[in-house]
Amino acid sequence: MSDVALNVIATAPLTHQLTQQFMVQRASKEDLAEVLAIYNQSIPGKQATANLALVTLEERTAWFDEHLDSPTRPIYVVKALLEGDADRQSTKLPIVAWGSFSDLYARTAYHISTEISIYLNQDYQSKGLGSLLTRWMLTQAPSLGIRNIVALIFAHNQPSLGLFRKLGFEQWGYMPEVCDMDGFIADVVMLGKAVASDNIADN
């Protein structure tokens, strides 16, 4: 990772207000339980992840710590601002969504490319929050040294496919019948987008 990207990370604000209702920030150690709870909500529906059983804190800790320790592969958490909350520092704000950048492939030359993942609390789905978080993450990517963002999405997950295509992602690949979902066989679509600071704000 370049010194420029690392310097941007070091000086970036700790939080960013997405709207009057939501703020986003890098995850911290105490966020794991809420991040995992949202992830586990997605498992029974068999649309957002290839995990078929609920994941435990112990199983997810190493993954979470790896992201926390990485300057270029963060997890972002979205917190709901409570009405009338005058002092955010003294209030435990609930996490309602999270997103992450992960290595696309564990080889050095792939450092300019990443996989994006977005998960929402089930009570906050279909309200535009997924689009809001994804758009914001796209604006962060260049400062992390990311040039290409890939989303791996089940072919039957039409809402997610629609969201990413609306944001300018194009199909970069198609993997037929690669996942045994315990009841049906699923295809996976690879959507991708090349990002730069001047072409991601309005797509």
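Q: What counts as a helix or a strand here?
A: Both are DSSP runs numbered from the N terminus, with at least four residues (H or I) for a helix and at least two (E) for a strand.

Q: And where does the model come from?
A: This is a predicted model, where local features need pLDDT of at least 70 and side-chain atom pairs pLDDT 80 or more, while totals for chains, interfaces and linings use all residues. Residues are numbered from 1 along each chain as its sequence is written, and side-chain values use heavy atoms, without hydrogens and water.

Q: Ok, which strand gives the most to the lining of the largest pocket?
A: S5, with six residues. A pocket is an open set of points on a 1 Å grid over the protein atoms alone, where a 1.4 Å probe fits, with protein on both sides within 12 Å along at least five of seven lines; lining residues have an atom within 4 Å of a point.

Q: How many residues line the largest pocket?
A: There are 45, and Ala48, Ile118, Tyr119, Asn157 and Ser160 lie nearest its centre. Among the elements that each supply at least two lining residues are H2, H3, strand S4 (95-103) and helix H4 (129-140).

Q: How do H2 and H3 cross?
A: The axes (lines fitted to C-alpha atoms over the stretch in contact) of H2 (residues 32-42) and H3 (residues 57-69) come within 11 Å and cross at roughly 110 degrees. That makes H2 roughly perpendicular to H3, a label for angles of 65 to 115 degrees.

Q: Which residues make the contact?
A: Leu32, Ala33, Val35, Leu36 and Tyr39 of H2 meet Leu57, Arg60, Thr61, Trp63 and Phe64 of H3, with heavy atoms within 4.5 Å.

Note on methods:
Axes fitted to C-alpha atoms, helices over the stretch in contact; angles between N-to-C directions. Parallel < 35°, antiparallel > 145°, perpendicular 65-115°, else oblique.
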